[in-house]
Amino acid sequence: MSRNVAIIGAGRLGSSLARIFRRSGANVSMWDQDEGKVRNQKSLEEVVSPADMVFFCIPSFALEDVLKKIKKSLRKGCIVVSPIKGIDHVTGNTTAEVVIKSLPSQPFVMLGGPMIAEELDKGLGGTAVLASRQIKAARSVGLLFGKSGVNVSYSDDIHGVGLAGVLKNAYALSLGIAEGLGWGMNLRGALIAQALLEMQIYLFAAGGKPETAIGVAGLGDLIAPGLSRNSRNHSVGVLLAKGKSPRFKGEGGLSLPSLLALITEKKKSLAAFPLLVATAKVGAKKSSAK
């Protein structure tokens, strides 16, 4: 059966997902704040009102505004999907929690895993982790990837997958800094091990499942953007290492203060997260990368 899919955000990931979903037979409509990105763009309400599924492919800071605008236009039973790996800087909630609280009656699916848009466009595949409390909804979303070369796995750890996505952005920044400093793969391999350890400790402290950190949503999604020059977080890290001030911090840089604040709120010691703390200091220009 053909599905009506609305994608909010026509950037790299949103456009890649649109091409994948159309190949699976879905009817895809797109909307973007920049009207020039979508030909003959309809209003946001017109795009989402007939949708069976809505994907939010926008920066985390734009999410709440979009949720308010579409809340009354969504059909009952419409599945809402967030691939956004960010955190609310006021409440410390992941984007998954923000969507669930705003749209409590809609089935929700968190999309995690290594999904670099440039590789999807080249047919190199990827791996999607679909986390939801409604397995039927997750499997419906999984069908959209049927002809894409993207492997799909499922999880019930929404909070863990959401947090793992935020953390991997921060540690991808760390790995970009390491490359910018000229570190070889030996040292970067050790850095990945430290990042993984900290991710496990963090998820346990914050109420997620530690094993999520060593799966595709954690380690898999850390290595892909952490070592890829197609990753904005990685690129920002390289610039920071060279003493430059990137115009855009990336989701990793934006999330660092909130990640550290959440640990303090949970009454955990920051001493368990030396890499996260060091990365935050470099991002805030309180320490040189070296």
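In this predicted model, Phe21, Phe55 and Phe145 are joined into a cluster by ring pairs. The number of aromatic pairs comes to three. A pair of aromatic rings is described by the distance of the centres and the angle of the planes. Two of the pairs are set out below.

| Pair | Distance between centres | Angle between planes | Arrangement |
|---|---|---|---|
| Phenylalanine 21 and phenylalanine 145 | 5.3 Å | 85 degrees | edge-to-face |
| Tyrosine 202 and phenylalanine 273 | 5.6 Å | 70 degrees | edge-to-face |

Phenylalanine 21 belongs to helix 1 (residues 12-23), while phenylalanine 145 sits in the loop between helix 6 (135-142) and strand 7 (150-155); the pair thus links distant parts of the chain, 124 residues apart. Phenylalanine 21 has a relative accessible area of 0% and is buried. Phenylalanine 145 counts as buried too, at 2%.

Tyrosine 202 lies in helix 8 (residues 185-206) and phenylalanine 273 in the loop between helix 12 and helix 13 (274-283), so this pair ties together parts 71 residues apart in sequence. Tyrosine 202 is buried at 0% relative accessibility, and phenylalanine 273 is buried at 1%.

Helix 7 and helix 10 (residues 216-226) have axes 8 Å apart and pack at an angle of about 30 degrees. Helix 7 is therefore roughly parallel to helix 10. Their crossing is right-handed. Residues in this contact include Tyr171 of helix 7 and Pro225 of helix 10. By class, the contact has eight nonpolar, four polar and two charged residues.

Helix 7 (residues 158-180) also meets helix 12 (residues 250-265): their axes come within 8 Å and cross at roughly 115 degrees. This crossing is left-handed. Among the residues that meet are Leu163 in helix 7 and Leu259 in helix 12.

Terms used:
Residues are numbered from 1 along each chain as its sequence is written. This is a predicted model: local features need pLDDT of at least 70, side-chain atom pairs count only at pLDDT 80 or more; totals for chains, interfaces and linings use all residues. Side-chain values use heavy atoms; hydrogens and water are left out. Axes are lines fitted to C-alpha atoms, for helices over the stretch in contact, and angles run from 0 to 180 degrees between N-to-C directions. Helices (H or I, at least four residues) and strands (E, at least two) are DSSP runs, numbered from the N terminus. A crossing is left-handed if the near helix is turned anticlockwise from the far one by less than a right angle, and right-handed if clockwise. Contact means heavy atoms within 4.5 Å. Angles under 35 degrees count as roughly parallel, over 145 as roughly antiparallel, 65 to 115 as roughly perpendicular and the rest as oblique. Ala, Val, Leu, Ile, Met, Phe, Trp, Tyr, Cys and Pro count as nonpolar, Asp, Glu, Lys and Arg as charged, and the others, Gly among them, as polar. Rings of Phe, Tyr and Trp (its six-membered ring) pair if their centres lie within 6.5 Å; planes under 30 degrees apart count as stacked, over 60 as edge-to-face and the rest as tilted. Buried means under 20% relative accessible area, exposed over 50%, partly exposed in between (1.4 Å probe, protein chains only).
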